[in-house]
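Let's walk through this model together, one question at a time. Please keep the sequence and the structure open beside you as we go.

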Amino acid sequence: MKTLRFPHPLVLLVGFILLAMLLSYVLPAGEFARHADAATGRDVVVAGSYHRVPATPVSVAQAMVAIPKGMADAASVIFFVFLAGGTFTVIDQTGALHRGVDWLLGKLRGHQLLVIPIISLLFATMGALENMQEEIIPLIPVLLVLMRRLGYPVLTAAAVSIGAAAVGAAFSPLNPFQVGIAQKLAQLPLLSGAGFRLVFLALALVIWIGGTMRYAAKNRVEPELTTDAEAATSGAGRHGIVLLLLLLTFAAFTYGVLNLGWEFEQMGALFFVLGVLAGLIGGLGLNGTADAFITGFRDLAFSALLIGFARAIFVVLEQGHIVDTIVNGMSAPLAQLPVTLSALSMIGVHTALHLPVPSVSGQAVLTMPILTPLSDLLGLPRQVTVLAYQYGAGLCEIITPTNGALVAIVAACGARFDQWWKFVLPLYLGLLSLAALAVIIGVAIGLS
């Protein structure tokens, strides 16, 4: 009997685009009124302002046009992936990455499993600080080199990077794109409830990192080590300079994102300069550096373009004017539930909403002005309402195929999405249970 296989990522995303198109014929079109919010610098919805608007069903032709529109909307991310991905291919072809990996494995000889918690904590920290996602895509080839040298399955590269970053972001006390915006909209002090969140962040990382280590150890195969005597005795100085440039670039990248408000354009320019310098210092020459960039562009083209396809789903829903209809339809029944059950149901609502609304910050702007006054009527602490949003939307990032960065990273690992689901679902359910416990405790203690 032939087993069913998960659809190709491109087939899956086009299917979601067509589903969004069909929903524009089924669901009534509607909108909330919006106003500019000075605290967040964004347009936010006005609670209770939902109203019907003339139907605008999306045709097949419009749905197809939404694909290049989605790519245009995500252009800055896509070109960042190309530029940064090309840069890491340049660095790889200089031999510096392999030398760096060899050095790391030498230092951790007998304790290679420690690579997983070390890298996971680094990415979880960046997720907690700045919601790192798309920025991870170009790093996957580097992580794959490391994981293969350790004999770990390719999905481990996705788990220690996008997975750890998403968990860090979902439980973060200070992620500006999730808890920061949500607390502003709920009129709560920034960093309020930070101690409570830190406790559950630590527990969440124990679950995620422990599960990743168990998966890696269980599926490890003995790596085929290759030696190159000439490479081992030559180019050490050049490799060291290239790796130092890489470290300095990451330092500049972190500073620029956290302190200078850098966007993907500035990040892409930074990595492009790194690639040029690395190629020249690493001995590739101008033509060799250009060829390496082209190889990197080609290798990451599919992963980068998946981001645009994922964005097209939201473009279709917006054209059909049904995003607000979905939000209104899901939030209205919460008013009929007891307080604790309402809080737990909010996690479910935010999880479901994150399929059509793939931006966590966009979801906060869309839902918090509606759920905050509802929480007041129910006697539900506003801080718990923010927690429910964080956990529901944030944790959905590690399972939803409408998350372009996740789909792109799994594809870059050379794995199928059903393989990722098989790995991630048990951990996701554990994290969701932890989130539910946090919400229940938050309600019980009146978290403020």
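Q: Is Asp-418 buried, partly exposed or exposed?
A: This is a predicted model, in which local features need pLDDT of at least 70, side-chain atom pairs count only at pLDDT 80 or more, and totals for chains, interfaces and linings use all residues. Residues are numbered from 1 along each chain as its sequence is written, and side-chain values use heavy atoms, with hydrogens and water left out. Buried means under 20% relative accessible area, exposed over 50% and partly exposed in between, with a 1.4 Å probe and protein chains only. Because Asp-418 has 21% relative accessibility, the residue counts as partly exposed.

Q: Which residue forms a salt bridge with Asp-418?
A: A salt bridge here is a side-chain nitrogen of Lys or Arg within 4 Å of a carboxyl oxygen of Asp or Glu. The closest N and O atoms of the pair are 3.0 Å apart.

Q: How far apart are N and O in the salt bridge of Arg-382 and Asp-376?
A: Side chains of opposite charge can pair when their charged atoms come close. Arg-382 is partly exposed, with a relative accessible area of 24%, and Asp-376 is partly exposed at 41%. Their side chains meet with an N to O distance of 2.6 Å.

Q: How many salt bridges does a search of the whole structure find?
A: The search of the whole structure gives a total of five.

Q: Which residues lie closest to the centre of the largest pocket?
A: On a 1 Å grid over the protein atoms alone, a pocket is an open set of points with protein on both sides within 12 Å along at least five of seven lines, a cavity is a set where a 1.4 Å probe fits but cannot get out, and lining residues have an atom within 4 Å of a point. Grid points are joined across faces, edges and corners, and a volume is the space filled by probe spheres set on the points; the largest pocket holds about 1,400 Å³. Of its 49 lining residues, the closest to the centre are Arg-311, Ser-359, Val-360, Ser-361 and Gly-362.

Q: Which helix gives the largest share of the lining of the second largest pocket?
A: This pocket has about 960 Å³ of space. Its lining counts 26 residues, with Leu-122, Val-142, Leu-246, Leu-247 and Phe-250 closest to the centre. Helices are DSSP runs (H or I, at least four residues), numbered from the N terminus, and those that give two or more residues here are H4 (96-107), H5 (115-130), H6 (140-150) and H11 (236-259). The largest share, seven residues, comes from H5.

Q: How many nonpolar residues are in the lining of the second largest pocket?
A: Ala, Val, Leu, Ile, Met, Phe, Trp, Tyr, Cys and Pro count as nonpolar, Asp, Glu, Lys and Arg as charged, and the others, Gly among them, as polar. The lining has three polar residues and one charged residue. The nonpolar residues number 22.

Q: What is the volume of the largest cavity?
A: The count comes to one cavity of 30 Å³ or more. Its lining is made of Met-132, Glu-135, Leu-139, Phe-250, Phe-253 and Phe-271, with five nonpolar, no polar and one charged residues by class. The space in the largest cavity is about 30 Å³.

Q: Where is Asn-131 found?
A: Asn-131 has a positive phi, near 60 degrees, in a residue other than glycine. With a relative accessible area of 14%, Asn-131 is buried. Its place is the loop between H5 and H6.
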